[in-house]
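Here's a quick briefing to read with the model open beside you. Grab your viewer and follow along by topic.

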Amino acid sequence: MNTSEIDLFSSNFQEDPYPAYSHLRQHAPVFRESRYGVYALTRFGDVDAALRDHETFRSGAGPSPMPMPSGGMGAIPILAATDPPHHDQLRALVNHAFTPRRIAASEGRIQSFAQKLASDLPEGDFDLVPGLSVPLPVAVIAEILGVDASDQEDFRRWSAATVGLMDRPPEPAMMQASAELVGYFRARLEERRKSPRDDMISDLLRAEIDGRRLTEAELDAFFIMLLVAGNETTTNWISNQINILAHRPELWKACREDRRLVPIALEEALRFDAPVQNLGRETTRSVEIKGVTIPAGSRVVVSFGSANRDPEIFDEPDSYRLDRGDFRHLAFGQGRHFCLGSGLARLEGRTALNALLDRFERIEPGSKEPQRLHSTVIRGFDALPLCGRSA
Ligand code: HEM
């Protein structure tokens, strides 16, 4: 492999980025790619250090791995695109609504959604993406927010359209989807202002710190972020997890027989095939890493996907193993921006895998080819044909 030929934004790379990560970790751990002139950090230690150093590597210009034109994600005050002190304040406000109590209260409903979706999957061939990976997180977000299940089709559409905002310059369809989403939630906010309920939207309206409440723009951003940060990530985690086990029937059997392996399998899937592969930061000053000077104002890619395969940290990093006992992966990030939804995501992941283990004795790759989702941020599938057998 030739370092100068590596293009982090090409569909070739996105199909299977792991050989390129391995090459970069060894030969160019601080890699200046040529298409956009961004610097990529691929070693665990460098990614971890950059994520902890928000003063040098700021998020305020947006979390995308590529430089964003104005009007992209950087223009929306989502939590992941803010820096302290604004970030601390916003995160504390959002935390008021995103409580473990609110999430625990939904557990029973999440389980019934997952069981229903799994039991509706047919014997034999099916596509997991529309069958379970997409509808489960959408139903969960709708449940937690307290909105009608009948609006889920719209959620799905908006979610699929807005995720592109992280990855490429905004297109009219994406902006249209964000506008529809914002319009929808503004109407729900208005309803809750008039008659508050016991749901997350009402909690968000009530949340207050030092006399400050969320502004209209911050509320809009929160809903966009929930769909982008909460749906696409969890959807693709579920797909990646089941794809791995479909190729490892002995591990499927082991998980079925001993459900204590379920959380271990899920953490190892986060490490092995991280749903969020790459995000971005911007340098506030010139900084030298491994002899390479990154000038101030540069876009820096932090590669969670590569860090999680670093042999300095993980033995046999390219093997998926349930006996690893090491959960130091960076799949949920690190430092101040550590994933706010990790508790909810883990609950969804556990519930989905358990429901599928209950449903199928065996699960195998299907007869059609899977289709990769093409993104530098998210790793997963547009279509994942599988074959399930219950006896
Ligand atoms: C497997 C599923 C998920 C993965 C892999 C994941 C991954 C991540 C990562 C890597 C970050 C750090 C962003 C950064 O450093 O710039 C993050 C932040 C975030 N995630 Fe998740 N996430 C998942 C699920 C969820 C869910 C279900 C929600 C909410 C419903 C959520 C909400 C958030 C929020 C709000 C942030 C921003 C936190 C901040 O900037 O302070 N995530 N997530």
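This is a predicted model: local features need pLDDT of at least 70, side-chain atom pairs count only at pLDDT 80 or more; totals for chains, interfaces and linings use all residues.

Residue numbers start from 1 along each chain as its sequence is written. Helices (H or I, at least four residues) and strands (E, at least two) are DSSP runs, numbered from the N terminus.

**Strand β8**

- All five of the five residues of β8 (residues 299-303) are buried, so the strand is largely enclosed by the rest of the structure. Buried here means 20 or more other C-beta atoms within 10 Å of a residue's own, exposed means 12 or fewer, and partly exposed is in between, with C-beta atoms placed from the backbone.
- In a regular strand, side chains alternate between the two faces of the sheet. Both faces of β8 are covered, with Arg299, Val301 and Ser303 buried on one side and Val300 and Val302 buried on the other.
- Strand β2 (residues 39-41) runs parallel to β8 and is joined to it by three bridges; strands count as paired if DSSP finds at least two bridges between them. Ala40 sits opposite Val301 in β8.
- Strand β5 (residues 278-283) runs antiparallel to β8, with five bridges joining them. Arg281 has Val300 of β8 as its bridge partner.

**Nonpolar core**

- The largest nonpolar core has 106 residues, and the members touching the most others are Val47, Leu136, Met225, Leu227, Val300, Val302 and Leu356. A core like this is a set of buried Ala, Val, Leu, Ile, Met, Phe, Trp, Tyr and Cys residues joined through C-beta atoms within 7 Å.
- Helix α12 gives the most to this core, with 15 residues.
- Leaving out residues up to four places away in sequence, Leu356 touches Ala118, Ile242 and Ile363. Contact means C-beta atoms, placed from the backbone, within 7 Å.

**Ligand shell**

- The ligand is surrounded by 25 residues, the closest being Gly230, Thr233, Gly333, Cys339 and Gly341. A residue is near if its C-beta atom, placed from the backbone, lies within 6 Å.
- The elements giving two or more residues to this shell are α12 (216-246) and α16. The largest share, seven residues, comes from α12.
- By type, the shell splits into 17 nonpolar, seven polar and one charged. Ala, Val, Leu, Ile, Met, Phe, Trp, Tyr, Cys and Pro count as nonpolar, Asp, Glu, Lys and Arg as charged, and the others, Gly among them, as polar.

**Helix α10**

- Helix α10 (residues 172-194) has 23 residues and reaches 33 Å from its first C-alpha to its last, close to the 33 Å expected at 1.5 Å a residue. The expected span is 1.5 Å times one less than the number of residues.
- Met174, Ala177, Ser178, Leu181 and Phe185 are buried in α10, and the buried residues of this helix pack against α9 (152-162) and α12.

- Most residues other than glycine have a negative phi, and most peptide bonds are trans.
- The Pro84 to Pro85 peptide bond is cis, with omega near 5°. Pro85 is in the loop between β3 (57-58) and α4 (86-97).
- Lys290 has a positive phi of about 50° although it isn't a glycine. Lys290 lies in the loop between β6 (287-289) and β7 (292-294), and is exposed, with 11 other C-beta atoms within 10 Å.

Conventions. Two residues are in contact if their C-beta atoms, placed from the backbone, lie within 7 Å.
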